[in-house]
Amino acid sequence: MYLGVVPAATVRGHAKSHPEARMHGGVPAGSHSMHIVAAVFDEASGARITDAKVRAHITEPGGLQRTIRLEPMTVAGALTFGGFTTFQRGIKYRIGIEVERPPHMQSSPSKNTPPRLHRVPAVTAHFAYTHD
């Protein structure tokens with residue numbers, strides 16, 4: 001998984017007709033608005049994951065937590081997940097990116113056993129971030 005946190009102002013600079021100017025409901029105002037972007041890959045195959053529900057759990061010192069849904073978005077032809085949030089300067093945040101894959105049918109090793117629904121448990125990767 002790759003995580004990026006960039007100022008929302010970089011997206012705000014796009015023309016209104018540009019798809020990125022309208023993503024996630026539009027770019028929020030404010031000097032501390034940031035855009036979180038997560039590129040998610042399958043650990044075994046290295047293939048990009050495009051069918052997941054992705055959430056960012058953001059924790060501030062003292063335990064205050066908020067969760068934002070990261071929406072699918074295409075950047076340079078590749079699907080990633082992103083969303084807007086606010087980070088105050090000088091505070092160390094803990095960001096947990098949770099990836100939940102949909103269940104899928106798994107083939108059976110025997111012709112006598114029917115395929116079964118396979119559920120993959122959600123995975124969370126943790127990062128630390130401080131907005132300077």
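**View 1. Proline 7 meets its bridge partner in this predicted model.** Proline 7 is bridged to methionine 34, which belongs to strand E2.

**View 2. An open sheet is built from seven strands.** Follow the order E1-E2-E5-E4-E3-E6-E9 to walk across the sheet; the pairing is antiparallel. At the edges sit strand E1 (2-7) and strand E9 (123-130), each of which pairs on one side only. On average, neighbouring strands of this sheet are turned by 30° against each other, direction ignored. As a reminder, strands of a sheet pair through backbone hydrogen bonds, either parallel or antiparallel.

**View 3. The largest pocket has a volume of about 370 Å³.** Which residues lie nearest the centre of the largest pocket? They are Phe41, Asp42, Glu43, Ile49 and Val123, and the lining as a whole counts 15 residues. By type, the lining of this pocket holds ten nonpolar residues, four charged residues and one polar residue.

**View 4. Strand E3 and helix H2 mark the two ends of the confidence range among the elements of the chain.** Strand E3 (residues 53-59) has the highest mean pLDDT, 94. Helix H2 (residues 19-22) has the lowest, with a mean of 52, so please keep the predictor's confidence in mind when looking at that helix. For the chain, the average pLDDT is 81, and 80% of the residues score at least 70.

Terms used: Residues numbered from 1 in each chain as written. Predicted model: local features only at pLDDT ≥ 70, side-chain atom pairs only at ≥ 80, totals over all residues. Heavy atoms only, no water. Pairing = 2+ DSSP bridges. Helix = DSSP H or I, 4+ residues; strand = E, 2+ residues; numbered from the N terminus. Axes fitted to C-alpha atoms, helices over the stretch in contact; angles between N-to-C directions. pLDDT = per-residue confidence, 0-100. 1 Å grid on protein atoms, 1.4 Å probe; cavity = no way out; pocket = protein on both sides within 12 Å on 5 of 7 lines; lining within 4 Å. Points joined across faces, edges and corners; volume = space filled by probe spheres on them. Nonpolar A, V, L, I, M, F, W, Y, C, P; charged D, E, K, R; others polar.
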